[in-house]
Amino acid sequence: MPDITRRRALTATAALAATAAFTTLAAPAASAAGHDRPMPMPEHPENFDEVYKDRRIQGRPMSGGGHHHEHGGGFEVLIDGVQLHLMRNADGSWISIVSHYDPVTTPRAAARAAVDELQGAALLPFPAN
Amino acid sequence: MTVRKNQAALTADEKKRFVDAVLELKRSGRYDEFVSTHNEFIMSDTDTGERTGHRSPSFLPWHRRFLLDFEQALQSVDSSVALPYWDWSADRTLRAGLWAPDFLGGTGRSTDGRVMDGPFAASAGNWPISIRVDGRTFLRRSLGTAVRALPTPAEVESVLSMATYDMAPYNSASDGFRNNLEGWRGVNLHNRVHVWVGGHMATGASPNDPVFWLHHAYVDKLWAEWQRRHPDAGYVPTGGTPDVVDLDETMKPWNDVRPADLLDHTKFYTFDS
């Protein structure tokens, strides 16, 4: 990413840091029509650490400090050690920066979807994370 | 006055002028500023926090203004160019002229999703992917693989019939027209089209694919159609809503334009039908 973008992204991140408190969201009457998937609503996602299609994927509570913005509800996902920008939707579903319009049920599913999408390409470290 | 036309009705000359203007914005570096802006908002718009470009009532006016900026940039290159729209409920196959080599080029090859024909194929040398989240620098698509079908006219109709613009909590969990059009609930219109195209269109950096503009020009047209159907229903909320852009609040990143200023598209452009 060009430096200009990193700076802009960091500015946006700083502006949002105040709104990034961890929130346990109430389970809604989930509606995911068009996705053909059930939408269970675990209160806390399960940690994972596995090899999927030759990539190491990890999910864990976000380590504190720094300029993390916690759109993943305080949870982070890494692919081969590089953080994947993750976001939790109000209905408890998850999306990532490489699959942003297609919610899945868990952070692990988002990590696997990202590995599928990457087709072996390296994820770039994203400063806004 | 700018007239936005259905992409299926463009002449060969109109297609060429549009493509050439897009390529010139890319060459000059202006195109990638649009990709950056979109990606920044995608990452920062959250259901439980501040939200402006997506998953919120201002999804529609934000993208209307974003497309106006892009269209004005195109017109600074060639004043005859207007944004075409893609009615994906009608032109719903890989055989649509949209995907022909004289316009946007076709789907990606199966091995790596790389688009192999058209003016935006990496091999043509004019379309490097600079704003990206992974190491790949070539335009990718995978038309119709992640989801089978584009929305149907009946599905579009079911969303246009919704009488309320948006509803609390004004995010991806909302009922009402905006969120059903955006696609976080219901039959899923806008989001599904991003997924159907695949490749860059499925990511936060979706404007890397020029079809982004034609997709959003049609989403924008559906907003105009909804307004015609429901003349007494307006943009909501109209005041005092935390984290959400109310009718008379200014929107980032412009900070000088409100949803109220963008409700009437005829101040800026009209449609061919």
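**View 1. Helix 3 and helix 7 of chain B cross in a left-handed way.** Left-handed here says that the near helix is turned anticlockwise from the far one by less than a right angle, while clockwise would be right-handed. Helices are DSSP runs of H or I with at least four residues, strands are runs of E with at least two, and both are numbered from the N terminus. This is a predicted model, where local features need pLDDT of at least 70, side-chain atom pairs count only at pLDDT 80 or more, and totals for chains, interfaces and linings use all residues. Residues are numbered from 1 along each chain as its sequence is written, chains are lettered from A and ligands numbered from 1 in the order in which they are written, and side-chain values use heavy atoms, with hydrogens and water left out.

**View 2. Here is how helix 3 (residues 59-77) and helix 7 (residues 211-229) of chain B pack: at about 130 degrees, with axes 10 Å apart.** That angle makes helix 3 of chain B oblique to helix 7 of chain B; under 35 degrees would count as roughly parallel, over 145 as roughly antiparallel and 65 to 115 as roughly perpendicular, with the rest being oblique. The axes are lines fitted to C-alpha atoms, for helices over the stretch in contact, and angles run from 0 to 180 degrees between N-to-C directions. Contact (heavy atoms within 4.5 Å) involves, among others, Phe59(B), Phe66(B) and Phe70(B) of helix 3 of chain B and Trp213(B), Trp223(B) and Gln227(B) of helix 7 of chain B. Sort the residues of this contact and you get 12 nonpolar, 3 polar and 2 charged. In that count, Ala, Val, Leu, Ile, Met, Phe, Trp, Tyr, Cys and Pro are nonpolar, Asp, Glu, Lys and Arg are charged, and the others, Gly among them, are polar.

**View 3. Helix 6 (residues 190-197) of chain B is mostly covered, with 8 of its 8 residues buried.** Buried means under 20% relative accessible area, exposed means over 50%, and partly exposed is in between (1.4 Å probe, protein chains only). Among the buried residues of helix 6 of chain B are His190(B), Arg192(B) and Trp196(B). Their neighbours come from both chains: the buried residues pack against strand 7 (99-104) of chain A, together with helix 3, helix 4 (153-160), helix 5 (177-182) and helix 7 of chain B. Just past helix 6 of chain B, Gly198(B) has a positive phi of about 70 degrees.

**View 4. Over in chain A, 4 strands make an open antiparallel sheet in the order 1-2-3-4.** At the edges sit strand 1 (48-52) and strand 4 (82-84) of chain A, each pairing on one side only. Pairing takes at least two DSSP bridges between two strands. Neighbouring strands of this sheet are turned by 25 degrees against each other on average, direction ignored. Helix 2 (residues 107-118) of chain A lies across strands 1, 2, 3 and 4 of chain A, at about 25 degrees to strand 1 of chain A.

**View 5. Zoom in on strand 2 (residues 55-61) of chain A, which pairs with strand 3 (residues 75-79) of chain A over 5 antiparallel bridges.** Pro61(A) has Phe75(A) as its bridge partner, and Gln58(A) stands opposite Leu78(A). Strand 1 and strand 2 of chain A also pair in the antiparallel sense, over 5 bridges, with Val51(A) opposite Arg56(A). Their hairpin has 2 residues between the strands, and Lys53(A) there takes a positive phi near 50 degrees.
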